[in-house]
Amino acid sequence: MTGATSSAKRVLLAKPRGYCAGVDRAVIAVEKALELYGPPVYVRKEIVHNRHVVDTLRERGVIFVDETSEVPEGELVVFSAHGVSPAVHAEAAQRNLRTIDATCPLVTKVHKEVNRFAKDDYDILLIGHEGHEEVEGTAGEAPENVQLIDTREDVAKADVRDPSKVVWLSQTTLSVDETMERVEQLRERFPELADPPSDDICYATSNRQTAVKAMAAECDLVLVVGSRNSSNSKRLVEVARQAGARDAHLIDYAREVDPSWLDGVSTVGVTSGASVPDVLVMELLEWLGERGWTAVEEVTTANEKIAFALPRELRKLSP
Ligand code: 2E7
Ligand code: F3S
């Protein structure tokens, strides 16, 4: 970079960023439920892991609960985009709850893979983050067959009955590169390890990582809009750093930017996680604009056109 351009303030804006098709569908499902049935609508866990989305829906009459046992008998409950185990469905049925399942279809696909491999009596090594709702739901499809592989230590601890019948599957929102490393470590232990029939890391996760990677090396600072509990958003911060960004931070709102992060910075990269409404990114651009970062250049690595039909419980009600 020349001296002249290196001191110029500019923003590189990643595309794709923000809402994926599964989040769009899940948020619309809750909005439709509010419209059709009126408040309160219960949602088990955060519908998506975004503070702004959750706070806004709460203001409109959504009650977020941790477990279906907290939902009064006979009421309506929406299951979050991250998916639920069969045990949760069974508990809801037992309590006579009406349900709308907003599980992302790409998570349902992984649940089906678990069932298929469990039926063939495979040991399933599920790469994912301990405690994340998605892996709890996915593992819950066949708890006897699934072992969670989070850290490198978990690779060493994995215990399979027949090394010729073992497959790896994964959470949808992991770092693509780190997952491949974990697979290689697993394959060293289990050379006959089978691959999933198709990618489990979803298109939105990998596209957002590709976009941030494309611009990271040019950035003095990357700001990722997303919440602390959002796996895919956190991965974008890590990927930005690994791909050469000098610094990277996760923020929910523009007001959380620490002005000291901008000291000596000319190029700021901006992106957002799959659960983040674009209005939050626009507010960040405005905030940066007020401080001299008015030149915004979009860095596009893919054009996403994918959309999902609403959950079937809502489709039935549509004319
Ligand atoms: C559902 C699934 O809500 P998020 O921030 O969730 P993560 O999994 O990244 O914490 O993002 C959207 C989303 C991603 N994956 C929703 Cl399974
Ligand atoms: Fe689904 Fe991927 Fe979004 S799993 S909810 S499309 S991040």
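A helix, as the word is used here, is a DSSP run of type H or I with at least four residues, and helices are numbered from the N terminus. In this predicted model, Gln185 belongs to such an element, helix α8, which covers residues 176-189. The relative accessibility of Gln185 is 11%, and because buried means under 20% relative accessible area, Gln185 counts as buried.

The side chain of Gln185 is joined to the side chain of Arg182 by a polar contact of 3.0 Å. When its neighbours within four places in sequence are left aside, Gln185 is in contact with Arg152 and Val155.

Thr271 is found in a strand, β11, which is made up of residues 267-272. Is Thr271 buried or exposed? With a relative accessible area of 0%, Thr271 is buried.

Once the neighbours within four places in sequence are set aside, the residues in contact with Thr271 are Ala14, Pro16, Arg17, Val212, Leu223, Val224, Val225 and Leu236.

## The cavity

The structure contains 1 cavity of 30 Å³ or more, and the space in the largest cavity comes to about 290 Å³. Its lining is formed by 23 residues, and those that lie nearest the centre of the cavity are Cys20, Val23, His82, Thr172 and Thr173. Two or more lining residues come from each of the helices α2 (21-37), α5 (105-119), α9 (203-216) and α10 (231-242), and α9 gives the most, with 3 residues.

## The surroundings of ligand 1

Around ligand 1 there are 15 residues, of which His49, Ser230, Ser231, Asn232 and Ser275 come nearest. Which part of His49 lies 2.6 Å from an oxygen atom of ligand 1? For His49 it is a backbone N or O atom that lies at this distance.

Side chains also take part in the surroundings of the ligand. In Ser230, an N or O atom of the side chain is 2.6 Å from an oxygen atom of ligand 1, while in His82 an N or O atom of the side chain is 2.9 Å from an oxygen atom of ligand 1. His82 is also one of the residues that lie nearest the centre of the largest cavity.

The largest pocket has a volume of about 200 Å³, and its lining consists of Arg25, His89, Thr99, Asp101, Thr103, Pro105, Thr108, Pro311, Arg312, Glu313 and Arg315. Strand β5 (98-101) and the helices α5 and α12 (312-315) each give two or more residues to this lining, with α12 giving the most, at 3 residues.

In the lining of the second largest pocket, 5 residues are nonpolar, 3 are polar and 3 are charged.

Conventions
Residues are numbered from 1 along each chain as its sequence is written. Chains are lettered from A and ligands numbered from 1 in the order in which they are written. This is a predicted model: local features need pLDDT of at least 70, side-chain atom pairs count only at pLDDT 80 or more; totals for chains, interfaces and linings use all residues. Side-chain values use heavy atoms; hydrogens and water are left out. On a 1 Å grid over the protein atoms alone, a cavity is a set of points where a 1.4 Å probe fits but cannot get out, and a pocket is an open set with protein on both sides within 12 Å along at least five of seven lines; lining residues have an atom within 4 Å of a point. Grid points are joined across faces, edges and corners, and a volume is the space filled by probe spheres set on the points. Buried means under 20% relative accessible area, exposed over 50%, partly exposed in between (1.4 Å probe, protein chains only). A polar contact is a pair of N or O atoms within 3.5 Å; within protein, one must be able to donate a hydrogen and the other to accept it, and residues adjacent in sequence count only if both atoms are side-chain atoms. Contact means heavy atoms within 4.5 Å. A residue is near a molecule or strand if one of its heavy atoms lies within 4 Å of it. Ala, Val, Leu, Ile, Met, Phe, Trp, Tyr, Cys and Pro count as nonpolar, Asp, Glu, Lys and Arg as charged, and the others, Gly among them, as polar.
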